[in-house]
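User: I am new to this structure and would like to learn how to read its features one at a time. Could you start with a single contact and then work outwards?

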Amino acid sequence: VQLQASGGGSVQAGGSLRLSCAASGSTVSTLSVGWYRQAPGKQRDLFASIRSDSRTEYKDPVKGRFTISRDNAKNTIFLQMSKLKPDDSAVYYCNSGEFRGSYFYPGRYWGQGTLVTVSS
């Protein structure tokens, strides 16, 4: 399954952006998807996920500010980001993987990601 994130851009602190994650080769309704981000010089980290049963999970840095949703008709997963901070600046990726218990194992395909820049 190939997922491609898009919708990044530049925004001021406190602003909002909505990222899209479009699927090819499968329908998003059946997927478990992780959202990752990678800031310059840092590792790629998982910060949010949605399971195939639509349960969502968020890491503390984004909890209460970011929301994942799934639009099956558009075969797309969205990430609504609000109250953005400069620390949110990174390249954002979505990845189709699987959950084993509480741990999300990413798939092989990463796509090129989409850049989010938040200025203070």
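Analyst: Let us begin with a pair of charged side chains: Asp53 and Arg55 meet in a salt bridge, with 2.8 Å from N to O. The term stands for a side-chain nitrogen of Lys or Arg within 4 Å of a carboxyl oxygen of Asp or Glu. This is a predicted model, in which local features need pLDDT of at least 70 and side-chain atom pairs count only at pLDDT 80 or more, while totals for chains, interfaces and linings use all residues. Residues are numbered from 1 along each chain as its sequence is written, and side-chain values use heavy atoms, with hydrogens and water left out.

User: Are Asp53 and Arg55 buried, exposed or partly exposed?

Analyst: The general idea is a scale of relative accessible area, on which buried means under 20%, exposed over 50%, and partly exposed in between (1.4 Å probe, protein chains only). On that scale Asp53 counts as partly exposed at 46%, and Arg55 is partly exposed as well, with 48%.

User: What is the phi of Ser54, and where is Ser54 found?

Analyst: Most residues other than glycine have a negative phi. Ser54, however, has a phi near 75°, a positive value in a residue other than glycine. Ser54 is found in the loop between strand S5 (45–50) and strand S6 (56–58), where strands are DSSP runs (E, at least two residues) numbered from the N terminus, and helices are runs of H or I with at least four residues. With a relative accessible area of 44%, Ser54 is partly exposed. Lys83 also has a positive phi, near 50°; Lys83 lies in the loop between S8 and S9 and counts as exposed at 55% relative accessibility.

User: How many salt bridges does the structure hold, and which residues are linked in a network?

Analyst: The structure holds six salt bridges, and Arg37, Arg65 and Asp88 are linked in a network of them. Within it, the side chains of Arg37 and Asp88 meet at 2.9 Å, N to O. Arg37 lies in strand S4 (residues 32–38) and Asp88 in the loop between strand S8 (76–81) and strand S9 (90–100), so the pair ties together parts that are 51 residues apart in sequence. Arg37 counts as buried at 15% relative accessibility, and Asp88 counts as buried at 1%. Another salt bridge joins Arg51 to Glu57, whose closest N and O atoms are 3.0 Å apart; here Arg51 is buried, with 11%, whereas Glu57 counts as partly exposed at 31%.

User: How should I read a sheet, and which strands are the edge strands?

Analyst: Strands of a sheet pair through backbone hydrogen bonds, either parallel or antiparallel. Two strands pair if DSSP finds at least two bridges between them. In this model, an open sheet of four strands has the order S1-S3-S8-S7, with antiparallel pairing. Its edge strands are S1 (2–6) and S7 (66–71), each of which pairs on one side only. Five bridges join S1 to strand S3 (residues 17–24), and the bridge partner of Leu3 in S3 is Ala23.

User: What joins strand S11, and which residues make up its covered face?

Analyst: In a regular strand the side chains alternate between the two faces of the sheet. In S11 (residues 114–119), the covered face holds Thr114, Val116 and Val118, and the uncovered one holds Leu115, Thr117 and Ser119. Strand S2 (residues 10–12) runs parallel to S11 and is joined to it by three bridges, with Ser119 as the bridge partner of Gln12. S9 and S11 run antiparallel, again joined by three bridges, and the partner of Val91 in S11 is Leu115.

User: How many helices and strands are in the chain as a whole?

Analyst: The chain has zero helices and 11 strands. Its radius of gyration is 13 Å, close to the 14 Å that the globule rule gives for 120 residues, so the chain is as compact as a globular protein of that length; the radius is taken over C-alpha atoms, and the rule is 2.2 Å times the number of residues to the power 0.38. Along the principal axes, the C-alpha atoms fill a box of roughly 40 × 30 × 25 Å, and buried residues make up 41% of the 120 residues.
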